[in-house]
Amino acid sequence: MTSYDLFVIGAGSGGVRAARIAAAHGAKVAIAEEYRVGGTCVIRGCVPKKLLVYGAHFAEDLKDARRFGWDVPECDFNWPTLRDNVLADVDRLNGAYTSTLASHDVEVFLERATVSSPQEVTLASGRRISAKHILIATGAWPVTPDIEGAEHGITSNEVFHLEKMPRRAVIAGGGYIANEFAGIFHEFSCDVTLVNRSDTILRGYDRQIVERLLATSMAKGINFRLNAEFEKIEKLDDGSLRLHFKDGEPIETDLLMFATGRRPHTQGLGLENAGIALDNQGAVIVDDYNRSSCKSIYAVGDVTNRVQLTPVAIREGHAFADTVFGGNPRTVDYDCIPSAVFSHPPIAGVGLTESEAREKLGTVKVYTSDFRAMKNVLAGRDERALYKMIVDDTTGRVVGLHMIGPDAPEILQAAAVAVKAGLTKQAFDDTVALHPSMAEELVLLK
Ligand SMILES: Cc1cc2nc3c(=O)[nH]c(=O)nc-3n(C[C@H](O)[C@H](O)[C@H](O)COP(=O)(O)OP(=O)(O)OC[C@H]3O[C@@H](n4cnc5c(N)ncnc54)[C@H](O)[C@@H]3O)c2cc1C
Ligand SMILES: NC(=O)c1ccc[n+]([C@@H]2O[C@H](COP(=O)([O-])OP(=O)(O)OC[C@H]3O[C@@H](n4cnc5c(N)ncnc54)[C@H](O)[C@@H]3O)[C@@H](O)[C@H]2O)c1
């Protein structure tokens with residue numbers, strides 16, 4: 001039986017980083033991937049999604065360009081062209097990730113692996129491999145509600161491969177994926193309805209910012225059906241779908257996409273063969289050093305259900321490799337992780353929301369800037385940005401920054417450094433504005 005120092009299951013964001021760094025520390029490493037090297041982020045998540053967001057934004061840019069003097073003729077959008085170009089870029093990245101593993105002498109098995117004992121995995125081909133350490137980096141999988149006809153819906157796994165752009169689309173869910181794809185489909189002239197089971201969308205984001213997204217999305221023409229529970233999905237003779245709800249009128253649509261959360265991908269992985277403890281969501285329970293209840297087996301990324309974001313999975317994979325193979329025990333700092341929703345317009349935030357800060361700190365000061373970006377003014381686009389700074393009134397420290405508006409994620413990434421470093425509102429005020437920019441609002445808040 002071949003033996004390795006480390007066997008990684010899952011070549012996504014966390015697994016690839018862990019494999020590469022462990023190998024650089026001198027370990028003999030192998031990795032198994034059942035679909036494509038690169039994982040969710042590269043193959044069917046962040047990267048192709050962001051490329052579609054860019055593609056979608058041209059709908060507004062082309063219209064606005066006329067106000068800036070460009071003689072733009074009526075333009076048609078061609079979905080197969082964008083889809084195929086995006087998928088070609090995914091192929092390129094898949095190749096780049098595969099060569100990175102090869103150049104670090106990580107052996108890649110393009111097949112499913114399961115755990116057969118604390119120091120052994122079995123490949124789908126039947127081959128058994130022993131390893132001193134096993135890393136579970138199998139990510140998460142879309143959850144679809146248990147309702148009659150749910151099989152007629154798709155998930156984010158399939159959305160990047162659509163044959164044609166539907167005329168009507170319903171997106172179930174009110175989180176990241178639902179809001180991002182509502183914007184994408186809408187910009188491609190599709191009639192979009194977002195259906196959520198509660199009246200709260202984007203839980204965890206600052207309410208005022210989310211309210212602004214809701215208002216802006218509705219003004220653009222995206223429909224929202226909140227507090228709605230599906231009863232069943234009926235497929236009609238012409239191939240379209242009729243969605244029935246426990247209350248309210250049915251909706252007819254050409255496409256139903258479930259964006260109703262992602263569950264840790266642990267089913268059928270054989271974790272019981274190594275006595276690995278899971279939580280009630282099926283996530284691998286790990287300690288601060290990513291070690292599971294079995295001492296030779298570790299887990300990183302979405303499969304641990306801590307923070308389902310790529311940069312977090314990467315950090316966890318890196319910290320694991322440094323800890324176990326680099327003689328440098330490290331944990332990941334989960335405080336002040338910036339995040340964004342690539343909606344139209346995008347949202348970005350770091351630190352405490354206003355309500356979290358009020359609950360945690362008691363006395364807080366909130367500074368806001370509610371403005372129309374210069375570009376939107378000339379374009380005649382009645383779309384306002386909102387920036388919010390949450391300050392601890394006792395210390396003057398900025399404990400949260402939340403924004404919605406053009407390029408909010410780009411601006412927030414830089415500002416998050418200041419929040420993470422514990423800078424005060426005064427430090428922002430002391431910084432001279434960079435004019436004219438949208439970001440200058442951050443140092444001009446009164
Ligand atoms: C549509 C979408 C958009 C997203 N956008 C963003 C974003 O903009 N920003 C952001 O930070 N995050 C985003 N995310 C989340 C991000 O993709 C994940 O947090 C990240 O990919 C998690 O990395 P991971 O290594 O834990 O798992 P993954 O990247 O999911 O990798 C797990 C890999 O394991 C493989 N695998 C599973 N089981 C086995 C097995 N038994 N044997 C072999 N291989 C196996 C899978 O095929 C997969 O390739 C998005 C997710 C989705 C779905
Ligand atoms: N920009 C980003 O960083 C980004 C983008 C996409 C995904 N992600 C990651 O992927 C994860 C999964 O994304 P997601 O959007 O699927 O999950 P999510 O957890 O963000 O949202 C799930 C939503 O589905 C709703 N829901 C659940 N069951 C439902 C039902 N039966 N009917 C209608 N609504 C229902 C929930 O109320 C919630 O609003 C996110 O938590 C995030 O960490 C990140």
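1. Let's start with Ala-178, which sits in helix α6 (helices are DSSP runs of H or I with at least four residues, strands are E runs of at least two, and both are numbered from the N terminus). Ala-178 counts as buried because 25 other C-beta atoms lie within 10 Å. The cut-offs: 20 or more other C-beta atoms within 10 Å of a residue's own is buried, 12 or fewer is exposed, and anything in between is partly exposed, with C-beta atoms placed from the backbone. Neighbours within four places in sequence aside, Ala-178 is in contact with Ile-171, Gly-173, Leu-194 and Ala-259; contact means that the two C-beta atoms, placed from the backbone, lie within 7 Å.

2. A word on what you're looking at. This is a predicted model, in which local features need pLDDT of at least 70 and side-chain atom pairs count only at pLDDT 80 or more, while totals for chains, interfaces and linings use all residues. Residues are numbered from 1 along each chain as its sequence is written, and chains are lettered from A and ligands numbered from 1 in the order in which they are written.

3. Tyr-176 is also found in α6. Tyr-176 is buried, since 24 other C-beta atoms fall within 10 Å.

4. Both residues turn up in the UniProt record, an unreviewed entry, which puts a "binding site" feature at Gly-173, Gly-174, Gly-175, Tyr-176, Ile-177, Ala-178, Asn-179, Glu-180 and Gly-261. These positions spread over 89 residues of sequence yet cluster in space, with a largest C-alpha distance of 13.5 Å. Bear in mind that UniProt positions use the numbering here, feature names are shortened, and annotations may be inferred rather than shown by experiment.

5. Now ligand 2. It has 23 residues around it, the closest being Gly-173, Gly-174, Gly-175, Ile-177 and Gln-308 (a residue is near if its C-beta atom, placed from the backbone, lies within 6 Å). Helix α6 (176-187) and strand β17 (339-341) each supply at least two shell residues, and α6 has the largest share, with four. By type, the shell has 11 nonpolar, nine polar and three charged residues. Here Ala, Val, Leu, Ile, Met, Phe, Trp, Tyr, Cys and Pro count as nonpolar, Asp, Glu, Lys and Arg as charged, and the others, Gly among them, as polar.

6. Ligand 1 has 35 residues around it, and Gly-10, Gly-12, Gly-39, Gly-139 and Gly-301 come nearest. Two or more shell residues come from each of α1 (13-24), α2 (39-44), α3 (46-67), β4 (113-117) and α8 (310-325). This shell splits into 14 nonpolar, 16 polar and five charged residues.

7. On domains, the assignment gives domain 1 (2-142 + 263-325), domain 2 (150-260) and domain 3 (345-443); such bounds come from an automatic or database assignment. Eight residues of domain 2 are in contact with 12 of domain 3. On the domain 2 side, those residues are three nonpolar, two polar and three charged. The C-alpha centres of domains 2 and 3 lie 29 Å apart.

8. Not counting residues up to four places away in sequence, Gly-349 touches Tyr-205, Asp-206, Ser-339, Leu-401 and His-402.

9. Finally, the whole protein: 12 helices and 21 strands, with 42% of its 446 residues buried. The C-alpha trace spans about 70 × 65 × 45 Å along its principal axes.
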